[in-house]
Amino acid sequence: MIEDSQQVPSPAPEVIQEAGYRFPYHYVPRLTDAGFVQSVTLRWGYLYWSYLGVVLGCIEKLQPKSLLDVGSGDGRLVAEVTARLPRTRAVGVDTSERAVALARAMTPGAEFRAGDVTAPGFLDQRFDAITMVEVLEHIPIQQIATLRATLRNHLESRGRLIVTVPTKNLGMHPKHYQHFDIESLIAALEPDFALEDASYLNRHSKLCKLFDRILTNRFFAVREPRLLAWFFHVYKRRFLYADPSSAMRILAVFKAA
């Protein structure tokens, strides 16, 4: 028998309880018009994680000392940067106070601010990298020039701006003001930024639509980890990168002009 003095101390009960609140699990079971449910699924989760992984790869390649995530939402990108690059000071900003409150709860060690990044005095520092992941399409067209100038003012002279946007191959979503091709994306960010590199992501495919219906539908959702891992591996290998005519998304890296 191991002596008490040799045993590894167990976490205090309150520490265990606090760790459980990394995800608001009490909100998972609920009663709906269709009945009782006790699971949450995100049908397009593999799409999100695939292009987020490419963005994170760009950031890891840059190894910035500081990063500003504009339109940070619930803070997932900042959370990943904080975990992968602990020496990088990552700051998330979003106009939604509710989203920022959730981001702070999910990643309490990170820095988030609620408000308009273009407002005078909202930020007073420059960053080595700025990200806008699926944000530019939400900005009214007449406001893009102001946003662009703000981003340039907050980017170090040798810094990089990383942007993802939906392409014109997709139908317009009601909450979007525009979709992009590479020419219109460049035009939106000139003359403050110059394109350095671009990738076409998430190939539109009938096969992927079939996988969608098989993995997540109104009857069941596949949860077997090995099957999901296999699907994600196949998706990244065959469908993550695309050409201009089939891409659902553009990822572009800009430098200050």
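**Exercise 1.** Find which residues make the nonpolar surface patch of about 460 Å².

*Solution.* Step 1: the patch is made by Tyr21, Phe23, Tyr25, Leu102 and Met106. Patch members have over 30% relative accessible area and no salt bridge, and nonpolar side chains are joined within 5 Å. Areas come from the Shrake-Rupley method with a 1.4 Å probe; a salt bridge puts a Lys or Arg side-chain nitrogen within 4 Å of a carboxyl oxygen of Asp or Glu.

Step 1: Leu102 sits in helix 4 (residues 97-106), and its relative accessible area of 40% makes it partly exposed (buried is under 20%, exposed over 50%).

A word on the model: it is predicted, local features need pLDDT of at least 70, side-chain atom pairs count only at pLDDT 80 or more, and totals for chains, interfaces and linings use all residues. Residues are numbered from 1 along each chain, and side-chain values use heavy atoms, without hydrogens and water.

**Exercise 2.** Work out which strands stand at the edges of the open sheet.

*Solution.* Step 1: the 7 strands follow the order 5-4-3-6-7-9-8, with mixed pairing (strands are DSSP E runs of at least two residues, helices H or I runs of at least four; pairing takes at least two bridges).

Step 1: strand 5 (111-114) and strand 8 (193-203) each have a single partner strand, so one side of each lacks a neighbour in the sheet.

**Exercise 3.** Describe how strand 7 is joined to strand 9.

*Solution.* Step 1: strand 7 (residues 155-166) and strand 9 (residues 247-256) run antiparallel, joined by 7 bridges. Step 2: leucine 161 has phenylalanine 254 of strand 9 as its bridge partner.

Conventions: Patches are made of residues with over 30% relative accessible area and no salt bridge: like charges are joined within 9 Å, nonpolar side chains (Val, Leu, Ile, Met, Phe, Trp, Tyr) within 5 Å. Buried means under 20% relative accessible area, exposed over 50%, partly exposed in between (1.4 Å probe, protein chains only).
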